[in-house]
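Q: Got a model open here and want to talk through the ligand site. Can we go step by step?

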Amino acid sequence: MGKDPFAPLAEAYEAWYETPLGAFVIAEEEKALRALLPPGESLLEVGAGTGYWLKRLPYARKVGLEPSLAMLQVGRRRVPEATWVEGRAEALPFPGQSFDVVLLFTVLEFVEDVEKALAEARRVLKPEGSLLVGILEALSPWAALYRRLGEKGVLPWAQAHFLTREDLKDLLGPPEAEEEAVFLAPEAKPPFPEADQAGLRAGNRGALYLGRWR
Ligand SMILES: C[S@@+](CC[C@H](N)C(=O)[O-])C[C@H]1O[C@@H](n2cnc3c(N)ncnc32)[C@H](O)[C@@H]1O
């Protein structure tokens, strides 16, 4: 990566999850992610950030790969039980067939070569392993906000490029299972569960699309 867009954000990265809206959103995302979790011993999270998911996911061997030293340092401090490795999705420093599960959660938005990153994720999966990919859906109201912030130079969005679920399926083929979450908009008013249902009825795409591939 040229300049690290996450460097100034690392220490406060999880602070938004403490706000009422942030807590609702992250809980909805966790429900969607847990619904797709495959069994297995070993998990690699590519672009593991501060280790928010690594800390919570129930695998015996957890490895976090992260290119941002600032994020990696926070992650290593918060999730010392995981193994942390500096590296990039496009060139994973692991032998083939190393992991039961590989997770990329809102990371493809920031990688330079999405196809290479997905090919690498598949290379390091064991033959019966599962690839879990979560994206910030390009056609959701949240991506509209983040795109605008990016145009104004706000980090990390200034360096993001968004995918739709159709883009992801074009790259990976049809998923064996999928989930969608967070239908409310960024300016939703509480109660958030009602706003989320209203967003769903209104036809909003969920901010999070998650798929599982073999
Ligand atoms: C939005 S954060 C998500 C972090 C974590 N997956 C989570 O959900 O909490 C995106 C992360 O992807 C990382 N990233 C950016 N470019 C990357 C690349 N080429 N390979 C791997 N990770 C990358 C960033 O440093 C950042 O930590």
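Q: Which residues come nearest to the ligand?
A: This is a predicted model, to start with. Of the 19 residues around the ligand, the nearest are Glu45, Gly47, Glu66, Ala89 and Phe105.

Q: And how does that shell split by class?
A: Eleven residues around the ligand are nonpolar, four are polar and four are charged.

Q: What does glycine 47 do with its backbone N or O atom?
A: That atom of glycine 47 lies 2.8 Å from a nitrogen atom of the ligand. Phenylalanine 105 also has a backbone N or O atom by a ligand nitrogen, at 3.0 Å.

Q: How much of the ligand's accessible area does the protein cover?
A: The protein covers 97% of it. On its own, the ligand has 590 Å².

Q: What about the side chain of tryptophan 53?
A: An N or O atom there is 3.2 Å from an oxygen atom of the ligand.

Q: Which residues are closest to its centre?
A: Phe6, Tyr13, Thr106, Phe110 and Trp157, out of 50 lining residues.

Q: What classes make up that lining?
A: The lining of the largest pocket has 34 nonpolar residues, nine polar and seven charged.

Q: Which element gives the most to the lining?
A: Helix H1, with four residues. H1 spans 20-36. Other elements that supply at least two residues each include strand S1 (42-46), helix H2 (52-56) and strand S2 (61-66).

Conventions:
Residues are numbered from 1 along each chain as its sequence is written. This is a predicted model: local features need pLDDT of at least 70, side-chain atom pairs count only at pLDDT 80 or more; totals for chains, interfaces and linings use all residues. Side-chain values use heavy atoms; hydrogens and water are left out. On a 1 Å grid over the protein atoms alone, a cavity is a set of points where a 1.4 Å probe fits but cannot get out, and a pocket is an open set with protein on both sides within 12 Å along at least five of seven lines; lining residues have an atom within 4 Å of a point. Ala, Val, Leu, Ile, Met, Phe, Trp, Tyr, Cys and Pro count as nonpolar, Asp, Glu, Lys and Arg as charged, and the others, Gly among them, as polar. A residue is near a molecule or strand if one of its heavy atoms lies within 4 Å of it. A polar contact is a pair of N or O atoms within 3.5 Å; within protein, one must be able to donate a hydrogen and the other to accept it, and residues adjacent in sequence count only if both atoms are side-chain atoms. Accessible areas come from the Shrake-Rupley method with a 1.4 Å probe; for residues, only the protein chains shown count as cover.
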